[in-house]
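Please keep the viewer open while you read.

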Amino acid sequence: MASDVTESGAAAATVPEGFQGLTRDWSSDKQTFQVPWGKAMMWIFLLSDTFIFTCFLTSYMNVRMSTRVPWPNPSEVFALSFGGEPIPLILIAIMTFILITSSGTMALAVNYGYRRDRAKTAALMFITAGLGASFVGMQAFEWTKLIADEGVRPWSNPMGAPQFGSTFFMITGFHGAHVSAGVIYLAVVALKVLKGDYEASGNYQIVEITGLYWHFVDLVWVFIFAFFYLW
Amino acid sequence: MATEGHQEHPLSIYLWIWVLLFVLSTFSYMVDYIGFEGYLRWSLILIFMFAKAGFIIAIFMHMAWERIALIYAILGPPVLLLFLIGLMAVEGDYTLLTRLDFFGETDFVAAH
């Protein structure tokens with residue numbers, strides 16, 4: 001203990017004070033993560049987003065557990081009929097497959113980015129953005145159907161527990177906002193790839209960072225699909 | 001193969017994981033389509049969910065090839081969320097019992 005005190009005392013005498021000291025202490029002239037800073041920051045952002053989505057899903061769990069009123073059966077609520085018998089959850093299943101497909105095209109885009117194949121990278125990113133946009137479109141259709149036809153409101157619905165509406169709109173709305181932001185993000189980076197903005201440096205790391213965000217959006221949907229729609 | 005921050009892997013691994021995610025999604029949809037109930041349903045949902053999440057994080061997000069400092073920094077903190085989930089489950093249970101105690105069983109009648 002005594003030696004610790006003297007050591008830190010000796011160290012304090014050699015480092016600068018004030019704001020310079022503050023930055024020096026935090027950076028310590030060391031690098032923790034052996035990845036480009038952009039990638040580390042994206043991961044940390046995604047970590048914070050994980051906490052936000054978990055808060056939403058946990059509050060959903062809490063209200064669903066604590067209500068006396070039966071929870072509306074998602075299998076029936078989200079069923080869709082194409083002329084014949086209603087098929088349970090079919091639209092949600094299609095949306096799930098679309099998002100997985102877009103994750104696959106994104107993974108390929110990252111790969112072609114590192115090969116510096118600009119045309120293929122941009123094309124795959126545009127396909128990814130297009131699939132994301134169609135996902136948001138289907139979500140808009142789903143919301144419209146639920147609000148206009150089924151009478152679901154954030155405070156009530158004819159099928160059961162009133163909390164169904166508020167948690168549904170909050171969780172899928174927040175996820176949909178992430179998908180929409182991702183579509184814009186993808187389109188911007190894809191355009192820059194196409195223009196050859198990264199040719200000078202030959203650094204296509206940005207494609208992987210964009211990919212991290214996009215895969216995260218898919219990842220969150222895996223949890224929403226399991227807990228909200230299937231449970 | 002994976003040098004500093006450079007994650008380039010053979011295309012085949014992505015295609016395989018892609019196929020796998022499709023299969024797992026089909027399985028999880030089938031859980032609802034077939035109509036499994038109770039603990040069988042919940043455990044199947046969780047198994048398929050964690051398998052999908054694991055493949056996305058490990059392969060698509062390249063976490064399997066990152067250094068352990070980054071892996072622990074990102075995957076460690078969410079473990080704390082288990083405490084939140086546990087506490088809120090206990091709280092939800094208590095709220096339900098209190099409501100049943102004061103208001104009795106539900107008088108809700110579905111509209112259709």
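Helices (H or I, at least four residues) and strands (E, at least two) are DSSP runs, numbered from the N terminus. This is a predicted model, in which local features need pLDDT of at least 70 and side-chain atom pairs count only at pLDDT 80 or more, while totals for chains, interfaces and linings use all residues. Residues are numbered from 1 along each chain as its sequence is written, and chains are lettered from A and ligands numbered from 1 in the order in which they are written.

**The two chains**

Chain A holds eight helices and zero strands, in the order α-α-α-α-α-α-α-α from its N terminus.

For overall shape, the radius of gyration is taken over C-alpha atoms, and the globule rule is 2.2 Å times the number of residues to the power 0.38. Chain B has a radius of gyration of 21 Å, well over the 13 Å from the rule for 112 residues, so chain B is more spread out than a compact globule.

Burial is counted by neighbours: a residue is buried if 20 or more other C-beta atoms lie within 10 Å of its own, exposed if 12 or fewer, and partly exposed in between, with C-beta atoms placed from the backbone. The table puts the two chains side by side.

| Chain | Residues buried | Span of the C-alpha trace along principal axes |
|---|---|---|
| A | 37% of 231 residues | about 75 × 50 × 25 Å |
| B | 15% of 112 residues | about 65 × 35 × 25 Å |

Two residues are in contact if their C-beta atoms, placed from the backbone, lie within 7 Å. In chain A, 71% of the contacts with a separation of 6 or more join residues 24 or more positions apart.

A nonpolar core is a set of buried Ala, Val, Leu, Ile, Met, Phe, Trp, Tyr and Cys residues joined through C-beta atoms within 7 Å. The largest one has 64 residues, and A109(A), M125(A) and F225(A) have the most contacts inside it. At least two residues of this core come from each of α3 (37-66), α5 (90-114), α6 (118-149), α7 (163-195) and α8 (205-230) of chain A, and likewise from α1 (11-34) and α2 (38-60) of chain B. The biggest contribution, 17 residues, is from α8(A). In soluble globular proteins, nonpolar side chains tend to be buried together.

Leaving out residues up to four places away in sequence, M125(A) touches A109(A), L186(A), V189(A), A190(A) and V193(A). T121(A) is in helix α6 of chain A. Why does T121(A) count as buried? T121(A) has 25 C-beta neighbours inside 10 Å. Among its contacts beyond four places in sequence are A109(A) and V193(A). T121(A) and A190(A) are 69 residues apart in sequence, yet their C-alpha atoms are 7.5 Å apart.

**Where the chains meet**

Across the interface, 46 residues of chain A are in contact with 49 residues of chain B. On the chain A side, α3, α5 and α8 are the elements that give two or more residues, and α3(A) has the largest share, with 11 residues. Ala, Val, Leu, Ile, Met, Phe, Trp, Tyr, Cys and Pro count as nonpolar, Asp, Glu, Lys and Arg as charged, and the others, Gly among them, as polar. By these classes, that side has 27 nonpolar, 15 polar and four charged residues.

Now look at α2(B). Its buried residues are I45(B), F48(B), K52(B), I56(B), I59(B) and F60(B). The elements covering them include α5 and α8 of chain A together with α1 of chain B.

**Two loop residues with positive phi**

Most residues other than glycine have a negative phi, and most peptide bonds are trans. H62(B) is not a glycine but has a positive phi of about 65 degrees. H62(B) lies in the loop between α2 and α3 (68-75) of chain B, and is buried, with 22 other C-beta atoms within 10 Å. R116(A), also not a glycine, has a positive phi of about 60 degrees. R116(A) lies in the loop between α5 and α6 of chain A, and is partly exposed, with 13 other C-beta atoms within 10 Å.
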